[in-house]
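Please look through the sequence and the model shown here before reading on. The paragraphs that follow go from single loop residues to strands, aromatic pairs and the ligand.

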Amino acid sequence: MSLHAELAAELAAREDQGLRRTRRLLESPQRAQVTVDGRDYIAFCSNDYLGLAADSRLAQAAKAGIDRYGVGAGASHLILGHSSAHHKLETALAAFVRQPRALLFSTGYMANMGVVSALTGRGDAVFADRLNHASLNDAALVSRAAFKRYAHGDLEALERLLRVTPARRRLVITDAVFSMDGDIAPVAGLLQLCARYDAHLLIDDAHGFGVLGAQGRGTLAYLGIDSERVIYMATLGKAAGVAGAFVAGSAALIDTLIQHARTYIYTTATPPLLAHTLLASLVLIEEEEWRRDRLRKLIDQLKQQLAGSTWRLLPSETPIQPLLVGGNADALALSARLAAQGLLVPAIRPPTVPQGTARLRISLSADHSFAEVTRLTAAFLNRV
Ligand SMILES: *Cc1c(COP(=O)(O)O)cnc(C)c1O
């Protein structure tokens, strides 16, 4: 069989299992009301939690960034791509999350790959929550460290692994807010284990940064946790509304990443206009508390309106509110019926989530109105 025939057969098999992924075409900016494939919808799909992705002030900042820096970085950070915009942003991000230093990466995926493989290698061990984001899993595999996964949020299971590890350097890695469940990692318990077994904790705050904690300083601020054992990572394409990611921690950590993080070293720096835009975004994140207030109210509203119905939301206090369905075909059908009513809610299926736990992943944004959430819950209560 030719490669292409083999691929076509594999795709057909995926289609039969309800697992074939396709893309919709977004024809408007990313916001609560979108135009997709020629139709208008209310979307509950984005990670634009604060409603900043299409903010006109950030668009203005991007234009000013172009005028000042042009469009391309033109080189990697270690050659001549590290512009004063990147540098200012790193300083501002470090101050914002109350860490000594920060280092910008082009994406969250690259940040995780870069950090884990810069810090660990053969003879070391990485301990990972089973529901971590794929980028953390891939990072652990690439690092060549022993890769040990523990059941979701299970501190005892993690302790059993830590107790017997012969590894020299131990790194526990976890999502702060789990991207498909919306729940928050037991960070205090993880840090106690790290202290007991001389490990460090890489926290991926992709979904907490900008959303949780006073001024949106993230999950650690929300939980009131400050520890030298933490290596903090967050992304800038979700609540911050732009693109990119950063790692924050000690000067020694950041300097080490500059020497060894291959996804930092061997890639062109992101356009400085994005860093310039992110400086403006950081100000909005810090100052516009009403966006987080609105989000909290929308989350409460969704839960209240579905309480007592047969629909089951997974326990989550974050804007990620998964509605458990079970079967892949059922989740897809439900998502399609909502779409027919002008409501976009993605069906999330294995392998992104465990078998038998297909779900609709409702994401709320400060850009949603209370009436829009009521339209969604009314659809569910009318059994879609
Ligand atoms: C989105 C996400 C990433 C990847 O970030 P990008 O900037 O989109 O590459 C990493 N970790 C988690 C938990 C995420 O949700």
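Is Asp198 buried, partly exposed or exposed, judged by its relative accessible area? With a relative accessible area of 49%, Asp198 is partly exposed, where buried means under 20% relative accessible area, exposed means over 50% and partly exposed lies in between, computed with a 1.4 Å probe and the protein chains only. The model is predicted, so local features need pLDDT of at least 70 and side-chain atom pairs count only at pLDDT 80 or more, while totals for chains, interfaces and linings use all residues. Residues are numbered from 1 along each chain as its sequence is written, and side-chain values use heavy atoms, with hydrogens and water left out.

Asp198 is found in the loop between helix H8 (187–196) and S7; helices (H or I, at least four residues) and strands (E, at least two) are DSSP runs, numbered from the N terminus. Although Asp198 is not a glycine, its phi is positive, at about 50°. A positive phi, here of about 55°, also occurs at Gln215, again a residue that is not a glycine. Gln215 lies in the loop between S7 and H9 and counts as partly exposed at 28% relative accessibility. His207 lies in the loop between S7 and H9 as well, but His207 is buried, with a relative accessible area of 4%. In helix H9 (residues 219–223) one finds Thr219, which counts as buried at 1% relative accessibility and whose side chain makes a polar contact of 2.5 Å with the side chain of Asp205. A polar contact is a pair of N or O atoms within 3.5 Å; within protein, one atom must be able to donate a hydrogen and the other to accept it, and residues adjacent in sequence count only if both atoms are side-chain atoms.

Strand S7 (residues 199–204) runs parallel to S8, and 4 bridges join them, two strands being paired if DSSP finds at least two bridges between them. In this pairing Ile203 stands opposite Tyr232 in S8. S8 also pairs with S9, in the antiparallel sense and over 4 bridges, with Ala234 opposite Phe246 in S9. In a regular strand the side chains alternate between the two faces of the sheet.

Rings of Phe, Tyr and Trp (its six-membered ring) pair if their centres lie within 6.5 Å, and planes under 30 degrees apart count as stacked, over 60 as edge-to-face and the rest as tilted. By this rule the count comes to 5 aromatic pairs. The rings of Phe105 and Tyr264 form an edge-to-face pair, because their centres are 5.6 Å apart and their planes stand at 65°. This pair links distant parts of the chain, with Phe105 in strand S3 (residues 101–105) and Tyr264 in helix H11 (residues 262–265), 159 residues apart; Phe105 and Tyr264 are both buried. Tyr232 and Phe246 form a tilted pair, with 6.0 Å from centre to centre and 50° between the planes. Ring pairs link Phe96, Phe209, Tyr232 and Phe246 into a cluster.

How many residues surround the ligand? There are 14, and the closest are Gly108, Tyr109, Asp204, His207 and Lys238, where a residue is near a molecule if one of its heavy atoms lies within 4 Å of it. Helix H5 (residues 108–119) gives the largest share of this shell, 3 residues. An oxygen atom of the ligand is 2.7 Å from a polar backbone atom of Gly108, and an oxygen atom of the ligand is 3.0 Å from a polar backbone atom of Tyr109. His133 has a polar side-chain atom 3.5 Å from a nitrogen atom of the ligand. Taken alone the ligand exposes 380 Å², of which the protein buries 82%, with accessible areas from the Shrake-Rupley method with a 1.4 Å probe.

A separate open sheet remains to be described: 3 strands in the order S10-S13-S12, with antiparallel pairing. Its edge strands are S10 (320–326) and S12 (347–348), each of which pairs on one side only. In the loop between S12 and S13 lies Pro351, which a cis peptide bond joins to Pro350, with omega about 10°.
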